[in-house]
Amino acid sequence: TWHLKKIPQIVRERTFSLDSPKFEAKTKLELNSVCGIECQRKLPVPSLSDLKDLLSYETVFENGTRTLTEVNVLGAVLDPAGNTTTRRASRKKRQIYGTDSRFSIYDKRFMTNFPFNTAVKVSTGCSGILISPKHVLTAAHCLHNGKDYVKGTKRLRVGLMKTKSRGNGRKRKGTSDGLPSFQWTRVKSTHIPKGWFKGVSGDIALDYDYAVLELKRPHKRKYMELGISPTIKMMPGSMIHFSGFDNDRSGLLVYRFCSISDESNDLFYQYCDAEPGSTGSGIYLRLKEPNKKKWKRKIIAVYSGHQWVDINGEQQDYNVAVRITPLKYAQICFWIHGNDENCTKG
């Protein structure tokens, strides 16, 4: 069941103008030297002043101007346990683990219907997911490398799926309904948490690898709501699901599901088969609504991609997702609505 949780408040304090970014960074779909679960174990629990700093955010507008908004955090419960983890058996593998278990979605009936039609393509080479009529959730590193915004962010666009028929629009018997093409929409503004720029450890922290894009024009499609990420034990079969546009299957929407191997307060390590291009996809679950018989899918994490992790001096790799915690829910909800009034229950 989706459990209602009291959500902290993110309150805007001040907004400053900053110099325009250079937009010269290269998009990097595989990250090294970042703080993962093992690194998090050694970090102190962020204080309230840390949280205010980490959850302050930059906004870049389509004309290249940039602002920094400082926030206050009200009602946050600081977890004294810190980033404790549930360790499971780990394997040293690559992005495709054993047999490739990804599903390419060919059928128009699936592609153009919920939940698959919530997946979008970001012009920097990543994926994302629709979270409102005007907003897309994706990974921060698709837009910013920790020091500068990536090339193409100034003229950022989002591709919403539409389908095209092959050959004069006539459908041949026994063939698919056609590969997807994209209806591209310009991005009006981009929000990235300040925690992505420096991290608690003085380096980039994976905990803050998420960003929200505001579209210039609203769409009329069904979007997926945010949910608070439950622990592994509270997930049906401990399974997560996500769809994105993997680079090795050009033009196709690719769906996958798998179990989670390890978790901390902010991250999941998992072995879902994925290739670059699916980074930024929304990871979702289907749970029951409280006191109802209805099931509902909600986004509980953002797929951050393939990460190399230093474990006791040995390099291991995982596919990593950033969990939507109550604080992140409050921040993303604030970005969508512009106030905290609609964000009190997660």
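1. R66 forms a salt bridge with E58, and their closest N and O atoms are 3.3 Å apart. The term salt bridge is used here for a side-chain nitrogen of Lys or Arg within 4 Å of a carboxyl oxygen of Asp or Glu. R66 is buried, at a relative accessible area of 17%, and E58 is also buried, at 9%. In this note, buried means under 20% relative accessible area, exposed means over 50%, and partly exposed lies in between, with a 1.4 Å probe and protein chains only.

2. The model is predicted: local features need pLDDT of at least 70, side-chain atom pairs count only at pLDDT 80 or more, and totals for chains, interfaces and linings use all residues. Residues are numbered from 1 along each chain as its sequence is written, and side-chain values use heavy atoms, with hydrogens and water left out.

3. How many salt bridges does a search of the whole structure find? The search finds 10. One of them joins the side chains of E62 and K216, at 3.4 Å from N to O. This pair links distant parts of the chain, 154 residues apart: E62 is in the loop between β3 (57–61) and β4 (66–74), and K216 is in the loop between β11 and β12 (239–244). Helices (H or I, at least four residues) and strands (E, at least two) are DSSP runs, numbered from the N terminus. E62 is partly exposed, with a relative accessible area of 25%, and K216 is likewise partly exposed, at 38%.

4. D266 and K328 also meet in a salt bridge, with 2.9 Å from N to O. Here too distant parts of the chain are linked: D266 lies in the loop between β13 (253–263) and β14 (267–270), K328 lies in helix α5, and the two are 62 residues apart. Are these two residues buried or exposed? Both D266 and K328 are buried. Elsewhere, salt bridges that share partners join E62, R186 and K216 into one network.

5. A charge sits over a ring if NZ of Lys or CZ of Arg is within 6 Å of the ring centre and within 35 degrees of the ring normal. Another case is R157, whose charged end sits over the ring of W184, 4.7 Å from its centre.

6. Rings of Phe, Tyr and Trp (its six-membered ring) pair if their centres lie within 6.5 Å; planes under 30 degrees apart count as stacked, over 60 as edge-to-face and the rest as tilted. By this rule there are 8 aromatic pairs. Among them is the tilted pair of Y210 and W335, with 6.2 Å between centres and 40° between planes. Its members are 125 residues apart: Y210 is in the loop between α4 (195–198) and β11 (211–215), and W335 is in helix α5 (residues 326–337). Y210 is buried, at 1% relative accessible area, and W335 is buried, at 5%. Ring pairs link Y57, Y208, Y210 and W335 into a cluster.

7. Helix α5, which holds W335 and K328, can now be described. α5 has 12 residues and reaches 16 Å from its first C-alpha to its last, close to the 16 Å expected at 1.5 Å a residue; the expected span is 1.5 Å times one less than the number of residues. Because 10 of its 12 residues are buried, α5 is largely enclosed by the rest of the structure. The buried residues include L327, K328, F334 and W335.

8. What follows the helix? Just after α5, G338 takes a positive phi of about 80°. G338 is partly exposed, with a relative accessible area of 37%. The C-alpha atoms of G338 and V11 are separated by 9.7 Å, although these residues are 327 residues apart along the chain.

9. The last point concerns cysteines. A disulfide is a covalent bond between the sulfur atoms of two cysteines; the search rule takes a pair of cysteine sulfur atoms within 2.5 Å. The whole structure has 1 disulfide, formed by C126 and C142 with their sulfur atoms 2.2 Å apart. The link is left-handed, with -95° about the S-S bond. C126 is in strand β7 (residues 126–130) and C142 is in the loop between β8 (135–138) and β9 (157–163), 16 residues apart. Both C126 and C142 are buried.
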